[in-house]
Amino acid sequence: MTITHDIVAKLWNLCNMLKDDGVTYHQYVTELTYLLFLKMAEETGEEDKLPDGYRWGNLIEKPAPDRLEHYKKMLIDLGTRGTRQIREIFANASSFIKKPVTLSALVKSIDELDWYSARQEGLGDLYEGLLEKNANEKKSGAGQYFTPRVLINVMVDLMQPDIGEVIQDPAAGTAGFLIAANHYMRKHCEVFDLSETEFHMYKNKTFFGMEHVQDTHRLAMMNMMLHGLDGDAPESGMIYGDTLSPRGQQLPKADLILTNPPFGTKKGGGVPSRDDFTYATSNKQLAFLQHIYRALKPGGRAAVVLPDNVLFEGNVGKDIRKDLMDKCNLHTILRLPTGIFYAQGVKTNVLFFTRGEKDTGNTKAVWVFDLRTNMPSFGKTAPLTPGHFTEFIKCFGKDPYGKARRKDLGEEGRFRKFTRKYIRDRGESLDISWLRDDSLEDAASLPEPDVLAREAMEELEGALGDLREILEELGVEEVAG
């Protein structure tokens, strides 16, 4: 176990201190974010971002009985003072802690952790570990804001983000896609050779996300900051707002969009309040899909997680799919296995597409990889691993625009090509599958229910007959019932 994993485990176990105060897991991570921000500012030498008197040392030096009252005042004041990042992390902040002794125990435990080793391994990785822990805890309800990191990394690796590009996630959650894109670029591009001006552009003009849940937005802000993406330009980085409102139109046109939009319908069943969507719909995924392909620059590319209903829904869903395939080259669909998200029954896909230079006739054919049929049941005890994507990555090829030479693996294979005409003849449905499902065949080979019932009765009668014989041998003449 690495030091980071060890610290994550210790921090997570501190949640037990708050159980008596009725604090939920998600509330705990939010509370922990406030405290960790103060402590990590001390550890990273960035306390100058905080006003005097509002630092970790000030919290430590307060007498235990007075510490909670001082801490609650700190939260309120930090939401209105300091840099933009500080104000947004502490926006409308309040503490869920009710007992002074609880806060003192938390502060003491956090202060005693091995922060030197944590800095060596990366404070951003530590915070990512906490977010992942929270997402995997079903009771927290945070899974909806957290895409499995294995899937994120596959999508990022295939899309190959590059220096100078504008990268956007319009449904950012805790900023997992943007963080992963940053990791990829620092590993594969010459980020550390950039001039001071170029690096400032990298931090402020590369990564853009929008999140409309304030608690999740503050977690995303913290995550971005700990990964060195705390841009200081107005409207840079992580923006608080609803992408499906006019606020979403403020996101800059993108070279690359990576995202996993929220599932379901807009609250109240209403349609998005933006006036630039061609097709009105209360279906959030279809609305986000419109935003995504409209927000791409000509030649821009996207990888988007979407549920099955987007592939087959009629009426406006059909119109949006047709518009997508006109304006973009929808070159690849990855049918994902079930059980990898917080809702076990949700069936999802990744759509890979490139915005055309013109607005008509861009999709000539769609390649579909079926990673769902005859796959194991994934979940907490059987997690998705990079190895499960090996064949898909090989089939996808090395070109992020889907132009690599590809091979149709036929009816027995997982990767197949379907022409635009074939899709049009299916009523624009992209819900395409061809592999025989072994589980369904096994079910079909079972005898009819009445046959099974008759066989069971015969077995039961045979067993009762054997029991009677045994009882007779023992001299028992009759048994009640």
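Predicted model: local features only at pLDDT ≥ 70, side-chain atom pairs only at ≥ 80, totals over all residues.
Me: Why is the pair of Tyr34 and Phe90 called stacked?

Reply: The structure holds 13 aromatic pairs, and this is one of them. The ring centres of Tyr34 and Phe90 are 5.6 Å apart and the planes are at 25 degrees. Centres within 6.5 Å make a pair, and planes under 30 degrees apart count as stacked. The pair is therefore stacked.

Me: Which parts does this pair tie together?

Reply: Tyr34 lies in helix α2 (residues 25-43), and Phe90 lies in the loop between α5 (84-89) and α6 (100-111), so the pair ties together parts that are 56 residues apart in sequence. Tyr34 and Phe90 are both buried.

Me: What makes the pair of Tyr202 and Phe207 edge-to-face or stacked?

Reply: The centres of Tyr202 and Phe207 are 5.3 Å apart, with 90 degrees between the planes. An angle over 60 degrees counts as edge-to-face, so that is the word for this pair.

Me: How do you know whether Tyr202 and Phe207 are buried or exposed?

Reply: Buried means under 20% relative accessible area. Tyr202 has 2% relative accessibility, so Tyr202 counts as buried. Phe207 has a relative accessible area of 1%, so Phe207 is buried.

Me: Which residues do ring pairs link into a cluster?

Reply: The cluster is made of Phe352, Trp367, Phe369, Phe392, Phe396 and Phe415.

Me: What makes Arg406 count as lying over the face of Phe396?

Reply: Arg406 is at 4.9 Å from the ring centre of Phe396. The cut-off for a charge over a ring is 6 Å, with a second limit of 35 degrees from the ring normal.

Me: Which residues touch the most other members of the largest nonpolar core?

Reply: That core has 95 residues, and Leu11, Leu36 and Phe90 touch the most other members. Helix α2 gives the most to this core, with eleven residues. Leaving out residues up to four places away in sequence, Leu36 touches Leu11, Ala41, Ile110, Trp115, Tyr127, Leu130 and Met222. In soluble globular proteins, nonpolar side chains tend to be buried together.

Me: Why is Thr373 called buried?

Reply: Thr373 has a relative accessible area of 9%, which is under the 20% cut-off, so Thr373 is buried. The residue is found in the loop between β8 (365-370) and α16 (390-396). Not counting residues up to four places away in sequence, Thr373 touches Arg414, Leu435, Arg436 and Asp437.

Me: What makes the link between the side chains of Thr373 and Asp370 a polar contact?

Reply: The two side chains are joined at 2.7 Å. A polar contact needs N or O atoms within 3.5 Å, one able to donate a hydrogen and the other to accept it. The distance of 2.7 Å meets that cut-off.

Me: Why does Thr354 count as buried?

Reply: At 11% relative accessibility, Thr354 is under the 20% cut-off, so Thr354 counts as buried. Thr354 lies in strand β7 (residues 348-355). Among the residues Thr354 touches are Gly299, Lys327, His331 and Tyr401.

Me: Why is Gln160 called partly exposed?

Reply: Its relative accessible area is 29%, between the 20% and 50% limits, so Gln160 is partly exposed. Gln160 is found in the loop between α9 (149-159) and β1 (167-169). Gln160 has a positive phi of about 50 degrees although it is not a glycine. Most residues other than glycine have a negative phi.

Me: Where is Ala175 found, and why does Ala175 count as buried?

Reply: Ala175 is found in the loop between β1 and α10. At 0% relative accessibility, Ala175 is under the 20% cut-off and therefore counts as buried. Ala175 also has a positive phi, of about 75 degrees, without being a glycine.

Me: What makes α13 mostly covered?

Reply: Eleven of the twelve residues of α13 are buried, among them Leu286, Phe288, Ile292 and Tyr293. At the start of α13, a side-chain oxygen of Asn283 reaches to within 3.0 Å of the backbone nitrogen of Gln285.

Methods:
Residues numbered from 1 in each chain as written. Heavy atoms only, no water. Helix = DSSP H or I, 4+ residues; strand = E, 2+ residues; numbered from the N terminus. Buried < 20%, exposed > 50% of the residue type's maximum accessible area, 1.4 Å probe, protein only. Contact = heavy atoms within 4.5 Å. Phe/Tyr/Trp six-rings, centres within 6.5 Å; stacked < 30°, edge-to-face > 60°. Core = buried A, V, L, I, M, F, W, Y, C linked by side-chain atoms within 4.5 Å.
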